[in-house]
Structures are given as C-alpha cells and as structure tokens.
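Opening the notebook on a new model today. I want to work from the overall layout down to single residues.

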Amino acid sequence: MGPRSARRAVHRFAADLEVDLDGIVLAVSEAVANAVSHAYLEDGDGVIELSAAASPLEVTVTVRDRGRGLGHADGKPGAGYGLLIIRRLAEHVELADTRDGVALTMAFRRGGAWSDN
C-alpha cells in the first residue's frame with residue numbers, strides 16, 4: 001500500500017466520524033511514506049498494512065510494516081519531519097519497533113468545532 005491508496009482508504013473510513021479528516025489523512029500519508037522509504041531494501045518487495053477503528057471518543061489508525069525496524073541505518077537522509085508532523089496532528093502516538101517490523105499507532109479525538117468542516 002502506498003501513500004495515495006492509504007489516504008483514500010482512511011478518508012473513506014473516517015469521512016463521517018466527526019474527526020479532523022485532513023489531519024488524519026496527512027498523518028497516515030506521512031506514516032506510510034516513512035514506511036515505504038525506510039522499512040524495506042530498495043530492491044525488495046514489502047507490505048504495508050493499514051488498520052483503523054473508531055470508538056465514541058477517538059479514531060485509531062495503525063500503519064505497520066514487516067521491514068527492518070528502526071535500528072537499521074539505510075543511508076537515506078530524511079528531513080525527520082514526518083514523525084513530528086504526526087505527533088502534532090494526533091492526540092496520542094505509539095511507535096512499536098519489534099523484530100517483526102514497526103507499527104505506528106495514532107489516535108485522533110472525535111468531535112469538536114474543527115470537525116464541522
């Protein structure tokens with residue numbers, strides 16, 4: 001899954017949930033772009049999983065790869081803004097680096113004046 005298809009999927013999921021839809025879409029796009037850029041070797045295939053759930057208080061989205069993990073230097077320079085952007089948009093961010101890859105879970109608060117747009 002690439003950033004474009006992830007944006008479309010999360011937009012469809014969250015469109016009617018009284019949440020900052022633009023914020024969720026941007027955060028998911030950043031998370032998927034980071035996974036695409038850093039999780040897998042350039043010549044290797046990789047899978048990026050996207051899951052989402054809604055409760056009365058929040059929408060939770062997880063972007064997961066099955067790649068090399070955060071500890072592997074890939075030599076690709078990055079501005080380092082992706083995670084900063086995600087942390088500013090989401091109410092809560094959890095990053096799990098395991099031997100099976102990286103899972104980034106983001107929680108977004110539902111309701112509020114900003115969700116009326």
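Below are my entries, in the order I looked things up.

**Entry 1: layout.** I am working with a predicted model. I counted three helices and four strands, and going along the sequence they come in the order α-α-β-β-α-β-β. Of the 117 residues, 33% come out as buried. I also checked how far the contacts reach: taking pairs at least 6 apart in sequence, 63% of the contacts join residues at least 24 apart.

**Entry 2: the α2 helix.** I checked the length of α2 first. Its 18 residues should span 26 Å at 1.5 Å a residue, and the end C-alpha atoms are 26 Å apart, so the two agree. Next I listed what is buried in α2: Leu-21, Gly-23, Ile-24, Val-25, Ala-27, Val-28, Ser-29, Ala-31, Val-32 and Ala-35. What covers them? The cover includes α1, β1 (48–54), β2, α3 (81–89) and β4.

**Entry 3: α2 against its helix partners.** I started with α1. The axes of α1 and α2 come within 9 Å and cross at roughly 150 degrees. The cut-off for roughly antiparallel is over 145 degrees, so α1 counts as roughly antiparallel to α2. The crossing is right-handed. On the α1 side I found Pro-3, Ala-6, Arg-7, Val-10, His-11 and Ala-14, and the α2 residues they meet include Leu-21, Ile-24, Val-25 and Val-28.

Then I turned to α3. Here the packing angle with α2 is about 155 degrees, and the axes are 9 Å apart. From α2, the contact uses Gly-23, Leu-26, Ala-27, Glu-30, Ala-31 and Asn-34; from α3, it uses Gly-82, Leu-83, Ile-85, Ile-86 and Leu-89.

**Entry 4: the core.** Which residues touch the most other members of the largest nonpolar core? The core has 25 residues, and the answer is Val-19, Ile-24, Val-28, Val-61, Ile-86, Met-106 and Phe-108. The elements giving two or more residues to this core are α1, α2, β2 and β4 (101–109). The largest share, eight residues, comes from α2.

**Entry 5: Val-61 and Ile-24.** I picked these two from the core list. Val-61 sits in strand β2 (residues 58–65). Is Val-61 buried or exposed? Its relative accessible area is 0%, and the cut-off for buried is under 20%, so Val-61 is buried. Beyond its sequence neighbours within four places, Val-61 contacts Val-10, Ile-24, Val-28, Leu-50, Ser-51, Ala-52, Leu-104, Thr-105, Met-106 and Phe-108.

I then looked at the pair itself: Val-61 and Ile-24 are 37 residues apart in sequence, while their C-alpha atoms are 8.4 Å apart in space. Seen from Ile-24, leaving out residues up to four places away, the contacts are Val-10, Ala-14, Val-19, Val-59, Val-61 and Phe-108. Val-10 and Phe-108 turn up in both lists.

**Entry 6: a backbone check.** Most residues other than glycine have a negative phi. Glu-18 has a positive one, near 50 degrees. Where is Glu-18? I found it in the loop between α1 (3–14) and α2 (21–38). Its relative accessibility is 53%, and over 50% is the cut-off for exposed, so Glu-18 counts as exposed.

Methods. Residues numbered from 1 in each chain as written. Predicted model: local features only at pLDDT ≥ 70, side-chain atom pairs only at ≥ 80, totals over all residues. Heavy atoms only, no water. Buried < 20%, exposed > 50% of the residue type's maximum accessible area, 1.4 Å probe, protein only. Contact = heavy atoms within 4.5 Å. Core = buried A, V, L, I, M, F, W, Y, C linked by side-chain atoms within 4.5 Å. Expected span 1.5 Å × (residues − 1). Axes fitted to C-alpha atoms, helices over the stretch in contact; angles between N-to-C directions. Parallel < 35°, antiparallel > 145°, perpendicular 65-115°, else oblique. Left-handed = near helix turned anticlockwise from the far one by under 90°.
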